[in-house]
Amino acid sequence: RVPKEKPKAEVAPKPRQGPTDEAQMAAAAALARMELKPKAKAPSSQEAIKNQVRKELMAEAAASGKGLSVEEKDLASPDEQGAAAPSVSGVYFVCPLTGAVVRKDEKEKHIREAIQSYFSVDPVAASIMEIHTFNKDREKVRAGVETVAKYLDNIYLHPEEEKYRKIKLQNKVFQERISCLEGIHRFFQAIGFETKTLPVPGQGKKSKQTTEEYYVLKEEMLTKLEDLKDYKEQLLSSEPVRAQLDRQLCVFKPSPEAARFELPNDFYNLTAEEIKREQRLRTEAVEKASMLRTRAMREKEEQREMRKYNYTLVRVRFPDGYILQGTFYARESVSVLYNFVREALRDDWLPFELLGPGGLKLTDENLAFNECGLVPSALLTLAWDAAVMADIQASGEEQPASPLKPELLSRVQTLS
């Protein structure tokens, strides 16, 4: 521990000064490291579609007077300052289409409903999202959309050829690659195809006429070939709509309960029965701990233990005792945690280190949480760069009471 400084005699406050040259150099170095990290991609057409979906659905909800559920209201409104609250009630996700925060077990249903609602606004975009989101086999999706793209290319390149504007539904390739995809038939209807029953070609007049089902492109679509080309590009470039893990950022007052975690079942990749079984096995493991085992055997068991968790709840304790908490995927890299902490700081350029149990430094940011043993929960300690902090103190600049952003401190809670 750093020895406490002797109390100083009261003196007149010094005028605010800028950071010293050393502090500025440290800041420049921190910014340079941030610049080296890969930058976010520019918004794609897919992101533009999602933004539009969000606006439309939120406007529709407002027009219909649909209110938030009690649970959504609790999540949307900040807790009163100092109010006692449980550390975490579950794992939550943010829908990229509506912006709503939903529980893990409700996210798939919510996304499906959001996409279905968007059919009344843009059926082409909605059907494309349906194809990429609800069909889990990515290889089948790739093969299917590439085959559809070839159909559309043929029409675009040979609009005068009638044969390219008809697709036999019982065609073997169509059945195996396309018809099996959820949302694909709504896509064909949305881009201008209609179902028709046509006679099988090549039959003589005397033979018994048989018919087959076809998708036939409507005549008016021949004047909108550029639209067909755009639809094809959207179909090929789109990605599944995936809910984003909500970090559930919380700030707690200093508490001796910081190392005590009460996690809901959402954090475990186990059923209730399996959790009970695990508790029994843990009791038996205490007895086995006394048995002679090789280091390789212990490490193998630890790795198997780590794979049981999908999520982790991480707390970072600051030197002033305040605690920052967030939810992460167990397989996310530690670099995500460093960024999470940095975004919560008033001065995000301040260099710091995160220390695990026993004071072990988390230096390799590319390792995942479960590879570092930080699942299903962990309490870490933040340590500032001593040289930079000494320079800042020497500059005489008045320091804020807490390094955290004021808007986070205004929502501080009591850990219960």
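This briefing describes aromatic ring pairs and charge–ring contacts in the structure above. The structure is a predicted model, in which local features need pLDDT of at least 70, side-chain atom pairs count only at pLDDT 80 or more, and totals for chains, interfaces and linings use all residues. Residues are numbered from 1 along each chain as its sequence is written, and side-chain values use heavy atoms, with hydrogens and water left out.

**Aromatic pairs**
- Rings of Phe, Tyr and Trp (its six-membered ring) pair if their centres lie within 6.5 Å; planes under 30 degrees apart count as stacked, over 60 as edge-to-face and the rest as tilted.
- The count by this rule is 14 aromatic pairs.
- One of these is the edge-to-face pair of Phe-93 and Tyr-311, at 6.3 Å centre to centre with 75° between the planes.
- Phe-93 belongs to strand S2 (residues 92-94) and Tyr-311 to strand S9 (residues 311-317), so their pairing ties together parts 218 residues apart in sequence; strands are DSSP runs (E, at least two residues), numbered from the N terminus.
- Both Phe-93 and Tyr-311 are buried, a term meaning under 20% relative accessible area (1.4 Å probe, protein chains only).
- Phe-193 and Tyr-215 also pair edge-to-face, with 6.3 Å centre to centre and 65° between the planes.
- This pair links strand S5 (residues 193-199), which holds Phe-193, with strand S6 (residues 211-217), which holds Tyr-215, 22 residues apart.
- Phe-193 and Tyr-215 are both buried.

**Ring cluster**
- Phe-193 and Tyr-215 are joined through ring pairs with Phe-174, Phe-187 and Phe-188 in a cluster.

**Charges over rings**
- A charge sits over a ring if NZ of Lys or CZ of Arg is within 6 Å of the ring centre and within 35 degrees of the ring normal.
- Over the ring of Phe-93 sits the charged end of Lys-107, 4.0 Å from the ring centre.
- The charged end of Lys-166 sits over the ring of Tyr-214, 5.7 Å from its centre.

How values were computed:
Helix = DSSP H or I, 4+ residues; strand = E, 2+ residues; numbered from the N terminus. Buried < 20%, exposed > 50% of the residue type's maximum accessible area, 1.4 Å probe, protein only.
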